[in-house]
Amino acid sequence: MADSEPGIGKKILSFFINESTEPTQVTPVPEPQAEQPKPAVAPTVSNVAGTANIDRKFVEHFVDLLEKANLSGPDYFEFKQALQSMDSLGLGEEKQFQAAWASFKAMGGIKDNTILKTSADQYLAILNKDRESFLKDVEKAIKERVGSLTDEVKKLEDNNLAYAQEIANLQKKIDDNKNRLGQISGEVSEQSAKLNANRDSFEITYQSFVEQINADLNKINQYLK
């Protein structure tokens, strides 16, 4: 395809997406009180075969890539353009290809389809090379971004295990304290009982001595005048 031909990118775009899915730009009637919003651009478009919705940003990327790699002179893209022009003639697929081929050969005196195959293979090679580069970039991004997230997950999990162990240790200390509190409560009761009994014994003995001495004093006062 000649580099100087205008609208190459638009033509390449029409080979791969269904243009009927493109948003139609309708010139709005000016209204003094309100500005009409611009139509939203859909993130996906239907491919020509109608078998899938493909990402618009990648469509634009590949079209730009093929436009920059466009070969000079008639090639696969001229044939594709001629083939596309046959859609409205109501021909079968085989007849469309044959008619497009006849139209294509008339462009530059081409006698066989070698140029179609070689140019198409070149464009495929360009797309494959771009795909390999993209997949490497994705893999690198996965290692960098997902890898760092994986490291963070491991760190958080390790922290949680450490915290869980600390909680278990604290719980053991709490349980040990509770057991000791129960023991102390029993010991307090036991020691209190012993001390109270000892005090009672002391008081009884004390009273016995005091009473004995007081009794003797009374008798001394009574009998020894």
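Residues are numbered from 1 along each chain as its sequence is written, and side-chain values use heavy atoms, without hydrogens or water. Since the model is predicted, local features need pLDDT of at least 70 and side-chain atom pairs count only at pLDDT 80 or more, while totals for chains, interfaces and linings use all residues.

Start with helix H3 (residues 76-84) and helix H4 (residues 93-108), whose axes come within 8 Å and cross at roughly 130°. Helices here are DSSP runs of H or I, at least four residues, numbered from the N terminus. Axes are lines fitted to C-alpha atoms over the stretch in contact, with angles from 0 to 180 degrees between N-to-C directions.

Now look at the aromatic rings. Phe79, Phe97, Trp101 and Phe104 are linked by ring pairs into a cluster; rings of Phe, Tyr and Trp (its six-membered ring) pair if their centres lie within 6.5 Å. Planes under 30 degrees apart count as stacked, over 60 as edge-to-face and the rest as tilted. The Phe79 and Phe97 rings have centres 5.9 Å apart and planes at 55°, so that pair is tilted. Phe79 sits in H3 and Phe97 in H4, 18 residues apart.

Phe79 is buried at 9% relative accessible area, whereas Phe97 is partly exposed at 41% (buried is under 20%, exposed over 50%, partly exposed in between, with a 1.4 Å probe and protein chains only). With Phe104, Phe79 makes an edge-to-face pair, with centres 6.1 Å apart and planes at 90°. Phe104 is buried too, like Phe79.

Terms used. Helix = DSSP H or I, 4+ residues; strand = E, 2+ residues; numbered from the N terminus.
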